[in-house]
Protein chains: 2
Amino acid sequence: MTRTTGTVRIVGAGLLGTSIGLAFRKLGVNVVLSDSSPISTSLATDMGAGRLANSSDTPALIVVCVPPDVTAAVVAKELETYPNAVVTDVASVKVEVLASLTTENADLSRYVGSHPMAGRERGGAIAGRADLFVGRPWVVVPNHESSPTAVGMVENLALDLEATPLTLSAAEHDRAVALVSHLPQLVSSLLAARLLDAQGSDVNLAGQGLRDTTRIAASDPKLWVQILGANAAPVAELLKKLGQDLAETVAALEQPNAAGALATLGRALERGNRGVERIPGKHGASQTKYSQIVVMIDDKPGELARLLTEIGEIGVNLEDLKLEHSPGAPVGLPELYVLPEAEKNLIAALTARGWRLAG
Amino acid sequence: MTRTTGTVRIVGAGLLGTSIGLAFRKLGVNVVLSDSSPISTSLATDMGAGRLANSSDTPALIVVCVPPDVTAAVVAKELETYPNAVVTDVASVKVEVLASLTTENADLSRYVGSHPMAGRERGGAIAGRADLFVGRPWVVVPNHESSPTAVGMVENLALDLEATPLTLSAAEHDRAVALVSHLPQLVSSLLAARLLDAQGSDVNLAGQGLRDTTRIAASDPKLWVQILGANAAPVAELLKKLGQDLAETVAALEQPNAAGALATLGRALERGNRGVERIPGKHGASQTKYSQIVVMIDDKPGELARLLTEIGEIGVNLEDLKLEHSPGAPVGLPELYVLPEAEKNLIAALTARGWRLAG
């Protein structure tokens, strides 16, 4: 039972805008899309995220999904253009947006900020997916003038997209994301940057730990400069404290035989254990509920096509597929993801057809 | 065709020892297991990783899979007990082990260190799997006295287990893992430790970025104090450089409106982008040397197989393939990776055949 009624207008057809559109379309909600880039709009409409906006639309809810530095201006313009609509945005910083809107005398009763805690390191319409928000926190940020109706509509938006709404003030939100999002981003970037000094053969030893800790270092610098610039003080404070812990660790490593040095290292590692335990669902409440099957195939052209053709013959639908080429290795290891109820059937059928399963 | 001949003796039936045993047993190699814990040994033999070692064994190859701080002592004892066997170990640090063995006047001609770059979050015999090393780098670390026969046997061990052997000196190895393994571990621990100061509601906003960057902060402090203590100097040097980069970032965040502050942040983020690009793909391919082509396909069974079959007909070799299902979207977006010289040809041929390319 969908809570959102009327037309939803999405401004900005990037990752978040397209994902919101896809999710609403799945629910049968009327979605209209607008983006300053015609290519983005047409890609998002092609993907099924909604239809092109036009001047006769009468949206009930407007979701502004543009970069942080233009969010306030776009929200103000939407509030003015559509005097009956409730407007929200999805920018990662909230204090600065609200301050700008206040300065511009926008109608704050119809504005409620929001921030879905979901994303991917890849952006753009093409990365959009309808289930991006499932099970994720969605921060709802009312201001002192927001009408209860407006707040309710933004909460409904979160609920319809299967996210968990969580109400915070703009200041509370910005302090929290400094810790759980902005600090990890900077740390990951600084760590990955250290690889620039690496000798070629060093990075060949990279394992999953390095990959996980540096994954978000691939994020868009242009976007992140805006976010960090708009939330600089809380992030600076946290990064400074991390720097103090780091200096202590360096001192211990420089004199590993000094009394207490190993204890200092052990304490840092043990504090890390306790820190990670504070993260809810620390084992990564899996976003997808798919079963994984790994097949070992000969590393020669046509093998993967043959495998997929046979899976088609078996009649099992593939939900996800991952394959990373391994030069020099005599085998490829495609990872197949299927619905749990299809797993047993597929394993049996592949084995019967002579495929070799790994693990 | 298995390269390893004779009996393989594995000392230490944890994750690595058990996995090596399972892989060798699958190849029909005779494996004997020894562990100071009778429970571990019996668990590993029950799993099929080999049979219990006894005094009449005459191993040709001994693989020592015990914690780093006892590795040198166990290797020395094995060299002495089995004067005809070649001995290797799998410890994560190599300089200190070699230095200890040199001090103890061990027969270094029969010793070759090694380090398979594979693991799992879960340890113990029960987590063992025969395919743990498939496609992973396996560092082979000869010393100046290692006989060519001994080096060949350890390379064969890696090849038999379908890993990719990579020869480094002990110093080269330790410097490389300081960067790709030990630094990320410490950074992850220090970042996770910052969460101890968090207010309850803050960590509720945790997303995948925080989870990924702090995943390895859950690692065993006891093991890691040993590793870091045994490789302190190279790690200290790297962590110190990271601290300098961090201090620069703090300064920029403290004065975000100062001239050049945002540029400093942008540079740090952009350096992170370039750093993460240096990490080779999971099985050793450099991510950057392939061209990416994204195709929009109908989300119905058989479409991907049809695409891959046609790519085979076109005659282009696929280096990598990624597909993430996007529930709710009527299209799938497989990402094809090909050699840059094949890109133009493939784009033209796919377009001519009516496939729709995205982005």
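**Helix packing, sheets and chain contacts**

Helix α9 (residues 221–230) of chain A packs against helix α11 (residues 261–277) of chain B at an angle of about 135°, and their axes are 9 Å apart. The crossing of α9(A) with α11(B) is right-handed. On α9(A), the contact is made by A:Pro221, A:Trp224, A:Val225, A:Leu228 and A:Gly229, and on α11(B) by B:Leu262, B:Leu265, B:Gly266, B:Leu269, B:Glu270 and B:Asn273. By class, this contact of α9(A) with α11(B) has 7 nonpolar, 3 polar and 1 charged residues. The model is a predicted one.

Between the two chains as a whole, 115 residues of chain A are in contact with 114 residues of chain B. The side of chain A that touches chain B is made up of 66 nonpolar, 28 polar and 21 charged residues. Strands also pair across the two chains: strand β10 (residues 320–323) of chain A is joined to strand β10 (residues 320–323) of chain B by 3 bridges, and the two run antiparallel. In this pairing, A:Lys322 stands opposite B:Lys322 of β10(B).

Within chain A, the domain assignment gives domain 1 (7–168), domain 2 (174–277) and domain 3 (291–358). The centres of domain 1 and domain 2 of chain A, taken over C-alpha atoms, are separated by 32 Å. Domain 1 of chain A contributes 11 residues to the contact and domain 2 of chain A contributes 13 residues. On the side of domain 1 of chain A that touches domain 2 of chain A, α3 (68–81) and α4 (95–103) of chain A each supply at least two residues. The residues of that side of domain 1 divide into 5 nonpolar, 2 polar and 4 charged.

The axes of helix α6 (residues 170–193) and helix α10 (residues 232–254), both of chain A, come within 9 Å and cross at roughly 55°. An angle between 35 and 65 degrees also counts as oblique, and α6(A) and α10(A) are therefore oblique to each other. The crossing of α6(A) and α10(A) is right-handed. From α6(A), the contact takes A:Asp174, A:Arg175, A:Ala178, A:Leu179, A:His182, A:Leu183 and A:Leu186; from α10(A), it takes A:Pro234, A:Val235, A:Leu238 and A:Leu239. The contact of α6(A) with α10(A) comprises 8 nonpolar, 1 polar and 2 charged residues.

An open sheet of chain A is formed by 5 strands in the order β3-β2-β1-β4-β5, with parallel pairing. Its edge strands are β3 (51–52) and β5 (86–89) of chain A, each of which pairs on one side only. Strand β2 (residues 31–34) of chain A is joined to β3(A) by 2 bridges, and these strands run parallel. The bridge partner of A:Leu33 in β3(A) is A:Leu52.

In chain B, 3 strands form an open sheet in the order β6-β7-β8, and the pairing is mixed. The edge strands of this sheet, β6 (113–116) and β8 (164–167) of chain B, each pair on one side only. From one strand to the next, the twist averages 25°. Strand β7 (residues 137–141) of chain B pairs with β8(B) in the parallel sense over 4 bridges. B:Trp138 stands opposite B:Pro165 in β8(B).

Methods. Residues numbered from 1 in each chain as written. Chains lettered and ligands numbered in written order. Predicted model: local features only at pLDDT ≥ 70, side-chain atom pairs only at ≥ 80, totals over all residues. Axes fitted to C-alpha atoms, helices over the stretch in contact; angles between N-to-C directions. Parallel < 35°, antiparallel > 145°, perpendicular 65-115°, else oblique. Left-handed = near helix turned anticlockwise from the far one by under 90°. Contact = placed C-beta atoms within 7 Å. Nonpolar A, V, L, I, M, F, W, Y, C, P; charged D, E, K, R; others polar. Pairing = 2+ DSSP bridges. Domains from an automatic or database assignment.
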